[in-house]
Every structure is written in structure tokens, then in C-alpha cells.
Amino acid sequence: MLPVLLVSILLAMCGVWWGLTVIAWITWEKRFASPTKSADSLQATEKKPSSKSKLIDAIEFGGPTVLAVGLAIDGFTARTLLYAAGWSIPVPFSEGFQILGTVLLFAGLPLFTAGAYLTGRYVYSRPPTDRPLLQKGPYRFIRHPIYLAFMLVAAGFILLALNLVMLPLAYMFTATRYPKQEEPELIKLYGDAYREYQQRTGRFLPKFRRG
């Protein structure tokens, strides 16, 4: 296993990164809000998320920060959970898994940050009828970088911590199902432009054309 202090620092840093990006995402949406958005406010009220939906979002988006930072604090102080018998997940070559987890985190977090900024800047800040087909940054190569980031970050935290406390983050792997629900709606919205975009890009991984 990697040293407790190192793992605690990585968990704290990545947990805070995730949390700050979520906050920035909300801020970017407000910062780049279209002036016409307010004109549609009456219509938008009909589709406002329920209190239950907001609570679920808060738990889902806040979970990685709460669990990672909480486990990091335990590692810095009491160490009653991190590496404690009954809580640690015993696997062979544990250091290798933890290093892999760190790599996944440092791949997923920048991807999540980029996706959050781009969608806040160009998509969710605008009324649905004015939203462009986003093809900037990672969206040039894959259609769902944020969902990919969810899975990379979840796997990264679980592998880095190797602790049962982090297993609830496995819910983030359900992101695989969302594109199947969203892409038919995107085809309705953008038509042939989205179909052509599907041909050029992968859902989660880039398509490599043969030269």
C-alpha cells in the first residue's frame, strides 16, 4: 500500500478539485447566461426540478468530495478507517492499483473541468432552442466526456483509497446509460448534423481512422 499520508493528500486534493469544479460549473452557467433566458422564465418554471431531484443531485455531485475529503481527514488524524482492518479492500499488488487510481483521477478531473466549462459556456446557459451542437475541446473527439469523467473519477477514488467507504461512488458508473437516453433527443434537435457527428466521434473513446 502507498503511504497513508500520500494517499490522504491525494484524496483531499482530488476531492476538493471535484467540489470546486461543481461549484464553478454552476457559476459558469450563471456567468454566461443568455439575456433571452430570463424571457423564457415563465415557461421554464413548468420544468423546474423537484426538491427530490435537487436533493439527489446534491448527493450525487457532493458525494465524491464528502467521501474523499472525509477519508483524507481520517488519514491525517485518527486513521480509524483508512487502511484499518475491516475497511480496507485487500487486493494483490495494491500499490499498482493505487497508482492506477491516481492516473485515472488526474485524467478524469481535467476532463470533467473542461466539459463543465464548455457546457456552462456554450450549452446550458442558453435556451434549448439556441443551444449549439458542442464540438469544442474534448467534444471534438468524444460525445460524452463528462460521463466518461464521472466513471474515471469514480474508479480513481475507489482504486486510490482501496476502502469500503468509497464504494458508494460506484453509482457514478450508471453514467453509461445516459447517452442511450439522450442521443435520440439530440438527433431530433440537430438532425443530420448530429448523425454526422456520431459517425466522426466515439461515445466515450475517440474513433481512430485508418490512414
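# Reading the labels on this model

Colleague: Why is Glu196 called partly exposed?

Modeller: The relative accessibility of Glu196 is 41%, and the label covers values between buried (under 20% relative accessible area) and exposed (over 50%), taken with a 1.4 Å probe and protein chains only, so Glu196 counts as partly exposed. The model is predicted: local features need pLDDT of at least 70 and side-chain atom pairs count only at pLDDT 80 or more, while totals for chains, interfaces and linings use all residues. Residues are numbered from 1 along each chain as its sequence is written, and side-chain values use heavy atoms, without hydrogens and water.

Colleague: What makes the contact of Arg200 with Glu196 a salt bridge?

Modeller: A salt bridge requires a side-chain nitrogen of Lys or Arg within 4 Å of a carboxyl oxygen of Asp or Glu; the closest N and O atoms of Arg200 and Glu196 are 2.7 Å apart, and therefore the pair qualifies. Both residues belong to helix α7, where being 4 residues apart separates them by about one helical turn. Here a helix is a DSSP run of H or I of at least four residues, and a strand a run of E of at least two, both numbered from the N terminus. Because an α-helix has 3.6 residues a turn, residues three or four places apart point the same way. Asp192 and Arg195, 3 residues apart in α7, also form a salt bridge, at 3.0 Å from N to O.

Colleague: What makes the length of α5 agree with that of a helix?

Modeller: The expected span is 1.5 Å times one less than the number of residues; for the 17 residues of α5 (residues 145–161) this gives 24 Å, and the end C-alpha atoms are 24 Å apart, so the two agree. As 17 of its 17 residues are buried, α5 is largely enclosed by the rest of the structure.

Colleague: Which residues have the most contacts inside the largest nonpolar core?

Modeller: They are Leu11, Trp18, Phe112, Phe150, Phe157 and Met166, in a core of 49 residues, a core being a set of buried Ala, Val, Leu, Ile, Met, Phe, Trp, Tyr and Cys residues joined through side-chain atoms within 4.5 Å. Its largest share, 15 residues, comes from α5. Beyond residues up to four places away in sequence, Phe157 touches residues including Leu11, Pro64, Leu105 and Met166, where contact means heavy atoms within 4.5 Å.

Colleague: Why can Phe97 belong to a nonpolar surface patch?

Modeller: Patch residues need over 30% relative accessible area and no salt bridge, with nonpolar side chains (Val, Leu, Ile, Met, Phe, Trp, Tyr) joined within 5 Å and like charges within 9 Å. Phe97, in helix α4 (residues 94–122), has 33% and is partly exposed, so its value passes the area cut-off. With Phe93, Ile99, Leu100 and Val103 it makes a patch of about 520 Å², areas coming from the Shrake-Rupley method with a 1.4 Å probe and, for residues, only the protein chains shown as cover.
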